[in-house]
Amino acid sequence: MNNIIIIYCHPYQKSLNHAVLESVEHNLLQKKIPYKIIDLYQDNFQPFYDLEELRLFHTGGTHDPLVTQYLELLKKAKGIIFITPIWWNSIPGMLKGFIDKVMKEGEGLSHTVSKYGIHGCLTNLSHAYVLTTSTSPTFYFRLFMGNGIKKIFISKTLKQLGIKQGTWINFGNVTNSTHDKREKYLKRIKNYPFQF
């Protein structure tokens, strides 16, 4: 249980998100930190419930082999890094579907549910980093849009799954950013002091 899981959620290999992925890989390789990548688009992950998947939900079962594979990887890791764009002020449907389908209820899975609430089982994941890109400036999300990535995704959803600490790093105003600004950000990620 010493590797890092990277959840990568973008379909385009020439995107800034893909460059962020490469920068994260460079960072971890330099520090000799082992990692595995879950590339949701490359894996052709289906981010929605069909009738059979929904029927199996309360048993903790699945008929999607990727769901089983992903959850096993998460249970054996010590930290997690999400790399995703922000679309319409939130995480994309692909990543939301990953949370919906992979986070299975039951002992030894991702969480249990009692009359007192949800209890996370993924306490082995000591820290989550959420690296995002957005069309809007970062201050706009924090001050005018409710700071949803930090307040909901990290501080509520991931915390309910047992991940106690989370850090949000956003590259905002991406559409109007300069090449130099993007390169400066990628250099920052290559040297970022990830703590797990």
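**The sheet and its surroundings**

Strand β1 (residues 3-8) and strand β3 (residues 77-85) run parallel and are joined by six bridges. Strands and helices here are DSSP runs numbered from the N terminus (strands: E, at least two residues; helices: H or I, at least four), and two strands pair if DSSP finds at least two bridges between them. This is a predicted model, in which local features need pLDDT of at least 70 and side-chain atom pairs count only at pLDDT 80 or more, while totals for chains, interfaces and linings use all residues. Residues are numbered from 1 along each chain as its sequence is written, and side-chain values use heavy atoms, with hydrogens and water left out.

Eight of the nine residues of β3 are buried, where buried means under 20% relative accessible area, exposed means over 50%, and partly exposed lies in between (1.4 Å probe, protein chains only).

These pairings belong to an open sheet of five strands with parallel pairing, in the order β2-β1-β3-β6-β7. Its edge strands, β2 (35-39) and β7 (165-171), each pair on one side only. From one strand to the next the twist averages 15°; angles run from 0 to 180 degrees between N-to-C directions, and axes are lines fitted to C-alpha atoms, for helices over the stretch in contact.

Helix α7 (residues 179-190) lies across β6 and β7, at about 160° to β7.

**Loop residues with positive phi**

In the loop between α1 and β2, Lys 32 has a positive phi of about 60° although it is not a glycine. Lys 32 counts as exposed because its relative accessible area is 75%. Trp 88, in the loop between β3 and α4 (93-102), likewise has a positive phi, near 50°, and is a residue other than glycine. Trp 88 is exposed, with a relative accessible area of 84%.

Technical notes: Contact means heavy atoms within 4.5 Å.
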